[in-house]
Amino acid sequence: MPSLKSDFLTIARERGFLHQCTDLEGLDALFTGKEPVIAYTGFDCTAASLHVGSLMQIMILRLLQKCGHRPIVLMGGGTTKIGDPSGKDEARKLLDDAQINANMEGIKAIFKPYIAFEGEGGNALMVNNDDWLSELSYIEFLRDYGRHFSVNRMLSMDSVKLRLEREQELTFLEFNYMILQAYDFIGLHKQYGCRLQFGGSDQWGNIVNGVELHRRLMAEKNQGKQNRFDEIFGLTTPLITTASGAKMGKTANGAVWLSADMLSPFDYWQFWRNTEDSDVGKFLRFFTALPLAEITRLESLQGAEINEAKKILANEATALCHGREAAAAAAQTARKTFEEGGAGEQLQTFFIEQSLLAAGIPAYELFFMTGMKDSKGEARKLIEGGGGRINDEKILDARMPVTLFHMTADNYIKLSAGKKQHLLVRMKE
């Protein structure tokens with residue numbers, strides 16, 4: 001690996017963010033210049049929140065700003081109408097404008113704890129690509145930009161090739177996505193002087209398309225002459241998987257959302273606390289702002305001591321996302337739940353009709369009703385295997401009726417599925 005001179009790329013490499021770059025030496029020279037570098041990452045609005053799988057891109061934008069440069073958060077109000085085929089076996093569900101706009105509002109709030117925007121003490125920008133994509137004239141767009149794209153090359157892109165190899169349908173609509181993403185980069189360069197696009201490794205082909213489109217347009221404009229001051233760059237971060245091979249951001253219980261409305265700060269804290277031992281150092285580098293020397297110390301801990309490093313990871317990652325107070329409350333709930341055998345205030349709560357408990361409800365049905373298990377069969381299997389508990393007492397019979405008798409003095413029934421999944425049942429008022 002070549003030596004680096006710029007602060008941003010040096011730190012990014014030390015923390016593991018660098019995977020591929022269209023021209024690392026040229027980008028390093030750009031970052032050592034006198035002017036701040038403007039860089040962007042795009043986020044489509046397919047849900048009301050981003051999940052942990054997007055956190056890598058948020059963190060590299062955060063680092064960029066901490067190093068004195070200017071991030072742009074590009075909201076994909078326009079590209080969401082098409083759907084990115086990258087990494088997908090089938091077309092995304094098409095959303096209407098109202099759904100996209102509602103999702104966009106939810107996603108915008110995600111960035112504020114990480115990045116300081118204009119008008120809020122920072123220099124970051126948030127823009128929406130629907131502002132320019134919706135105004136395109138189709139024939140003119142094809143003539144001016146479509147002619148620069150080789151169908152042969154587009155067919156070789158992983159996002160396209162994977163679908164074709166599996167004989168899965170790829171619509172013409174989706175096929176246009178890579179052209180629109182490339183056009184976004186051109187537009188951001190023209191309007192804001194943006195010189196760099198970040199993305200995950202699955203976006204490499206799309207990012208390269210933007211860089212190459214820019215080169216072709218500049219060659220036409222300058223009659224074949226290259227101007228290094230007009231160059232733009234692409235940089236990808238590695239695909240993050242856990243030590244067991246699972247995709248980052250997904251769990252057995254679903255996506256790990258960054259919005260407190262879709263995942264409680266306690267459950268978010270618990271996700272990081274459950275990190276596999278061999279992933280602790282990597283995740284501390286990516287998802288916290290702790291100094292590298294401290295991370296080196298934490299990842300060297302052995303045996304039971306590694307759990308302290310996991311708690312620090314959970315505290316720091318949750319503090320960045322939800323605030324230091326929420327992280328402290330989550331840690332206290334975890335301590336009461338897992339170490340003191342109690343029930344913390346932030347545990348998920350299920351409210352039940354008093355009449356059901358008065359009559360008695362079989363334990364396995366209660367585990368299913370509360371969502372602790374996806375089926376009554378799974379609930380039975382859990383209890384029969386010794387993994388079901390009520391108020392920290394093992395359930396001996398899956399059909400045992402849970403009644404008002406099980407309500408504690410604090411007016412809850414604590415359900416536990418294994419060692420890590422807990423829930424409080426309270427009566428409706």
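The crossing of H1 and H3 is right-handed, and that is where I'd like to begin, keeping in mind that this is a predicted model. Helix H1 covers residues 7–14 and helix H3 covers residues 55–66. They pack at an angle of about 145 degrees, and their axes are 9 Å apart. Who makes the contact? On the H1 side we have Phe 8, Ile 11 and Ala 12, and on the H3 side Ile 60, Leu 63 and Leu 64. By class, that contact has 6 nonpolar residues, with no polar and no charged ones.

Let's stay with H3 and turn to the sheet. H3 lies across strands E2, E3, E5 and E6, and runs at about 160 degrees to E2. The sheet itself is open, with 6 strands in the order E1-E6-E5-E2-E3-E4 and mixed pairing. Which strands stand at the edges? E1, residues 20–21, and E4, residues 125–128, each have a single partner strand, so one side of each is left without a neighbour in the sheet. Elsewhere in the sheet, E5 (196–200) and E6 (233–237) pair in the parallel sense over 5 bridges; Leu 196, for instance, has Phe 233 in E6 as its bridge partner.

Now, the cores. The largest nonpolar core has 75 residues, and Phe 111, Tyr 268 and Trp 272 have the most contacts inside it. Here H3 comes back: this helix gives the most to that core, with 8 residues. Looking beyond four places away in sequence, Phe 111 touches Phe 43, Leu 50, Ile 58, Val 73, Met 75, Phe 117 and Met 126. There's also a second, separate core of 29 residues, which includes Leu 125, Tyr 145, Met 178 and Tyr 183. Thanks, everyone!

Note on methods: Residues are numbered from 1 along each chain as its sequence is written. This is a predicted model: local features need pLDDT of at least 70, side-chain atom pairs count only at pLDDT 80 or more; totals for chains, interfaces and linings use all residues. Side-chain values use heavy atoms; hydrogens and water are left out. Axes are lines fitted to C-alpha atoms, for helices over the stretch in contact, and angles run from 0 to 180 degrees between N-to-C directions. Helices (H or I, at least four residues) and strands (E, at least two) are DSSP runs, numbered from the N terminus. A crossing is left-handed if the near helix is turned anticlockwise from the far one by less than a right angle, and right-handed if clockwise. Contact means heavy atoms within 4.5 Å. Ala, Val, Leu, Ile, Met, Phe, Trp, Tyr, Cys and Pro count as nonpolar, Asp, Glu, Lys and Arg as charged, and the others, Gly among them, as polar. Two strands pair if DSSP finds at least two bridges between them. A nonpolar core is a set of buried Ala, Val, Leu, Ile, Met, Phe, Trp, Tyr and Cys residues joined through side-chain atoms within 4.5 Å. Buried means under 20% relative accessible area, exposed over 50%, partly exposed in between (1.4 Å probe, protein chains only).
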